[in-house]
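I set out to read through one structure and to record what I looked up. My entries follow in the order in which I made them.

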Amino acid sequence: QVQLVESGGGLVQAGGSLRLSCAASANLFSINRMGWYRQAPGKQRELAAIITGDDNTDYADSVKGRFSISRDAAKKTVYLQMNSLKPEDTAVYYCTAVGYSGGTSIRAYWGQGTQVTVSS
């Protein structure tokens, strides 16, 4: 069973920083992208940032210039550095990875989510 283990969420004041990490289990292969979605209360889940296997990145307009996504392919881990946080960044952040786990077709996997709360 593929697992994505997230860490790094928490409570921070506006203007502060947090770093999220997400490690995929060893049985996930050919990962072609990893990233983070977020879901605020009463809103739909939306893309925050994504990084592909060849290190192309994409960000939501609302986080450009403040968030930075990176990865360690050897560790199957993706990071999200979040700076200049705003109260509107408050959400549950979900890690996702697209890859192959023996005997299945390539698909997206999701973590359990980690809460990020930004106080004003």
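The entries below cover the basis of the model, the core, the disulfide, the surface and the loops.

**Basis.** I note that this is a predicted model, in which local features need pLDDT of at least 70, side-chain atom pairs count only at pLDDT 80 or more, and totals for chains, interfaces and linings use all residues. Residues are numbered from 1 along each chain as its sequence is written, and side-chain values use heavy atoms, with hydrogens and water left out.

**Core.** I looked up the largest nonpolar core and found 30 residues in it. Such a core is a set of buried Ala, Val, Leu, Ile, Met, Phe, Trp, Tyr and Cys residues joined through side-chain atoms within 4.5 Å. Buried means under 20% relative accessible area, exposed over 50%, and partly exposed in between (1.4 Å probe, protein chains only). Among the residues with the most contacts inside the core are Trp36, Phe67 and Tyr93. Strands that each supply at least two of its residues include β3 (18–24), β4 (29–39) and β9 (91–100); strands are DSSP runs (E, at least two residues), numbered from the N terminus.

I then listed the contacts (heavy atoms within 4.5 Å) of Phe67. Leaving out residues up to four places away in sequence, Phe67 touches Arg38, Tyr59, Leu80, Gln81, Met82, Asn83, Leu85, Asp89 and Tyr93.

**Disulfide.** I found one disulfide in the structure, the term standing for a pair of cysteine sulfur atoms within 2.5 Å. Its partners are Cys22 and Cys95, with sulfur atoms 2.0 Å apart. The pair links distant parts of the chain, for Cys22 lies in strand β3 and Cys95 in strand β9, 73 residues apart. The torsion about the S-S bond of Cys22 and Cys95 is about -80 degrees, so the disulfide is left-handed. I recorded both cysteines as buried.

**Surface.** Phe29, in strand β4, is partly exposed because its relative accessibility is 41%.

**Loops.** I placed Ser84 in the loop between β8 and β9. Beyond its neighbours within four places in sequence, Ser84 is in contact with Gly15, Gly16, Ser17, Arg66 and Asp89.

I next checked phi. Most residues other than glycine have a negative phi. Asp55, in the loop between β5 and β6 (57–59), has a positive phi near 70 degrees. Lys76, in the loop between β7 and β8, also has a positive phi, near 55 degrees. Asp55 is partly exposed at 46% relative accessible area, whereas Lys76 counts as buried at 19%.

Technical notes. Helices (H or I, at least four residues) and strands (E, at least two) are DSSP runs, numbered from the N terminus.
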